[in-house]
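Reader: I've got a model open on my screen and I'd like to learn how to read it. Can we go through a few features together?

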Amino acid sequence: MIRAGRQHLVRTLADIAAQQGIALQTLLNSGQHLADDFPAPLNAGRTRLYDGEQVEAHLAGRPVPQLAAADDDDDLLDRQEAAALRGEPLSVWDRRKKDSAVSEHLVRVGGVEHWPRRVVRDYTPSPRRTASSGGGGRPTGAGDQVPRDELPERVAQLLDADSALTAADVTDRLGVHRNTAQAALTALRAQRMADVMEQRALTARQAATALGYPAGQTRRASVRAEAVLRGRQARPYLAAVAQALHTRGWSSTATPPPVQHPEDDHCVAAFVLDAPRAPAPALVWSERHGWRTAPSRRHPLGKGAAWPPPGDGVHHLATGTTPTPADLVNALDSTGSSPVR
């Protein structure tokens, strides 16, 4: 740590080398900073810091003065020391330090982040709201603090500021459930990765690297991004099918039927059809399984990922090669003018 009132005396190895009129690499090669009698560094991080008064005494051959042993509220602690003082893992402090109550007291010394001891010691994070937290907590099932329609924009702002954003960070900052935070963050990363993949012809992993996303946080987003990109590539074909169905009279709306895009990567789109002459409940397309009709207008994509077999209201219209819009309409006509059951 940097003892109170001694920030101006801190030296890096580059400073010590310059003081001796030599290059930093020369100092490193000499190993003089590793000698037993060389003043101990003030920290254990990658960038080592030293007390200038101690270094000058050592270089001049004088006794090295001792630093104060008593702790002071104005001592400056680096991230390792801050986490140790609070008894928390380093990853937890790395989240805590982003809170404005902490970040406004950040001091960089020699390029290393530090915070006053009193700030580290006295900082109290906002309590997590749980069902058992009494009067101030959020009961199970209660709504999130941020409305769902505002969540994507708020998460986007946080991700813009920190590419390594985690679901825990979103929960801490926005007060939403962890699952809600994870879903929003994954969806946003996937959309941005798909943009880069489309624009620069990159793989999902390459897109994540280009955006600065940590590899350990992008497994789900990579799968989602690939599905998003496939959906975008299928749009012209799906639009042509929708137009063909509408022209043939398989929809009763004034415009071609809307396309529903599901959350999973097994299906790409669904058309809800409502035609007086042949009220087929729905038409769903999967890149893996082709086209089928489904018995539910309300949830044409179903609840599970499994592709249902023919029968019980389900009719597979095409498998293997993807049919043209005209071939698809002809196949749908062949099911008859009554509901498919």
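This is a predicted model: local features need pLDDT of at least 70, side-chain atom pairs count only at pLDDT 80 or more; totals for chains, interfaces and linings use all residues.

Reader: What is phi of Ala-201 near, and is the residue buried or exposed?

Author: Phi of Ala-201 is near 55°, which is a positive value in a residue other than glycine. Ala-201 counts as exposed, because its relative accessibility is 69% and the cut-off for exposed is over 50%.

Reader: On to helices. How many residues of α9 are buried?

Author: Here's the general idea: an α-helix has 3.6 residues a turn, so residues three or four places apart point the same way. Now the case here: six of the eight residues of α9 (residues 167-174) are buried, so the rest of the structure largely encloses this helix. Among them are Ala-167, Val-170 and Leu-174.

Reader: Which helices do the buried residues of α9 pack against, and what follows α9?

Author: They pack against α5 (90-96), α8 (151-161) and α10 (178-200). After α9 comes Gly-175, with a positive phi near 75°.

Reader: Now the charged side chains. How many salt bridges does the structure hold?

Author: In general, side chains of opposite charge can pair when their charged atoms come close. This structure holds 19 salt bridges. In one of them, the side chains of Lys-98 and Asp-169 meet at 3.5 Å, N to O. That pair links distant parts of the chain, with Lys-98 in the loop between α5 and α6 (100-103) and Asp-169 in helix α9, 71 residues apart. Lys-98 is partly exposed at 34% relative accessible area, whereas Asp-169 is buried at 6%.

Reader: Where do Arg-192 and Asp-160 lie?

Author: Their side chains meet in a salt bridge too (2.9 Å, N to O). Arg-192 lies in helix α10 and Asp-160 in helix α8, so the pair ties together parts 32 residues apart in sequence. Arg-192 is partly exposed, at 21%, while Asp-160 is exposed, at 57%.

Reader: Which residues are linked in a network of salt bridges?

Author: Arg-79, Asp-94, Lys-97, Arg-108 and Glu-113. Within that group, Lys-97 and Asp-94 meet through their side chains at 3.7 Å, N to O, and both residues are buried.

Definitions and conventions:
Residues are numbered from 1 along each chain as its sequence is written. Side-chain values use heavy atoms; hydrogens and water are left out. Buried means under 20% relative accessible area, exposed over 50%, partly exposed in between (1.4 Å probe, protein chains only). Helices (H or I, at least four residues) and strands (E, at least two) are DSSP runs, numbered from the N terminus. Contact means heavy atoms within 4.5 Å. A salt bridge is a side-chain nitrogen of Lys or Arg within 4 Å of a carboxyl oxygen of Asp or Glu.
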